[in-house]
Amino acid sequence: MSSYKVLDVNDDLPIRTKGAVHSGKVRSVYWLTDADSARLIEEKGYQVPAGTELAIMVISDRISAFDCIWQGENGLNGVPGKGIALNSVAAHWFKLFDEAGLAGNHIVDIPHPYVWIVRKASTVKVEAIARQYITGSMWRDYAKGVRSFCGLQLPEGLEANQKLDDVLITPSTKGIIKGLADVPEVDDVNISRQNIEDNLSAFNFKSAADVDKYEQLLTEGFSLISRELEKLDQIFVDTKFEFGYVEDKDGQERLIYIDEVGTPDSSRIWDGPAYRDGKIIENSKEGFRQLLINNVPDSDVLLNKDRMPEREALARDYQLPEAVMMSVSETYVGIASKIIGRELTIPSDPRQEVIDILNSHYGLID
């Protein structure tokens, strides 16, 4: 067994909930009972309306890529420190967003580095993606002759990893949107602003003005993070934000940031000195993706969506060397420590720490 303890299973904690635990690739969400939500709002003085539904969101150290979860040898079924790195970075950016007067977010409390207490939001069904450089899937398509992306026209003559003149907004669907003529019924498919404007309710927007608002918040948030990373000689290449609606204490509905922002999972971050030297050093999950492409027996399995059953079987059976998982850990913990300005401490037993804190300080453990 590995000498490292990671939080790889995060959907079976003894937290008192209503309904089933919702478990994603990395986070699990425990919706609290109405009584516990009301009690915590009163006890902790959370600035949300009475009756707001709260959830415990627990992040894991699992690592996903190409829509699959990957494991390491010796029982290392996650990346040490990854969960803390993601939560710490996102919370740091949310704090700076608040200070800059941008929209709020869904976090009401942070009991532990692996845990957020969040308020319920009505989710906008758009993955809000902003790009400052041409790389990844956009470059692969461009190299094949594609020039139109999400309703935007790119000029001729661009080169791989080149900085673009403007930050491009290239949204995709969050979940499967059904019944729209111009939008395929698959998750994470590229869409245009026109698609959204023509089908506001399908994407859960309340008004056309809110489409302008989400683009403004995406652009402002991107610019803020980009400026801050520039101070660290790091490049903010592209990112994905998510948005949702909540009700304020005064009864007003407003659009806020949800999920995570500016993390190594949701963004590409490049090392500045290496880029100026003509090289790409990834300080984000993209490095792990490239590592997988270079190490699995047949990389087409990862890149070809038609081979999804084979990909799932590969991810289930393939074990990465422990040294590889630790190098990924160094990437995540290293960039997070740079961003937040202090070294991250990786708990020796994150699972027990989370249970103890939610029991002693929040009274949520059965």
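The model is predicted, so local features need pLDDT of at least 70 and side-chain atom pairs count only at pLDDT 80 or more, while totals for chains, interfaces and linings use all residues. Residues are numbered from 1 along each chain as its sequence is written, and side-chain values use heavy atoms, with hydrogens and water left out.

I begin with the hairpin. Strands here are DSSP runs of E with at least two residues, and helices are runs of H or I with at least four, numbered from the N terminus. S6 (residues 107-112) and S7 (residues 115-119) pair in the antiparallel sense over 3 bridges; pairing requires at least two DSSP bridges. The two strands form a hairpin with 2 residues between them, and Asp-109 stands opposite Ile-117 in S7.

I turn next to the surface. Asp-67, Asp-187, Asp-188 and Glu-312 gather in a patch of negative charge. Areas come from the Shrake-Rupley method with a 1.4 Å probe.

Asp-187 sits in the loop between S13 and H4. Its relative accessibility is 42%, so Asp-187 counts as partly exposed, the class between buried (under 20%) and exposed (over 50%).

Asp-67, in the loop between S4 and S5, has a positive phi of about 65° although it is not a glycine. Asn-74, in the loop between S5 and H2, also has a positive phi, near 60°.

Technical notes:
Patches are made of residues with over 30% relative accessible area and no salt bridge: like charges are joined within 9 Å, nonpolar side chains (Val, Leu, Ile, Met, Phe, Trp, Tyr) within 5 Å. A salt bridge is a side-chain nitrogen of Lys or Arg within 4 Å of a carboxyl oxygen of Asp or Glu. Lys and Arg count as positive and Asp and Glu as negative; His and the chain ends are not counted. The place of a charge is taken as NZ of Lys, CZ of Arg, CG of Asp or CD of Glu. Buried means under 20% relative accessible area, exposed over 50%, partly exposed in between (1.4 Å probe, protein chains only).
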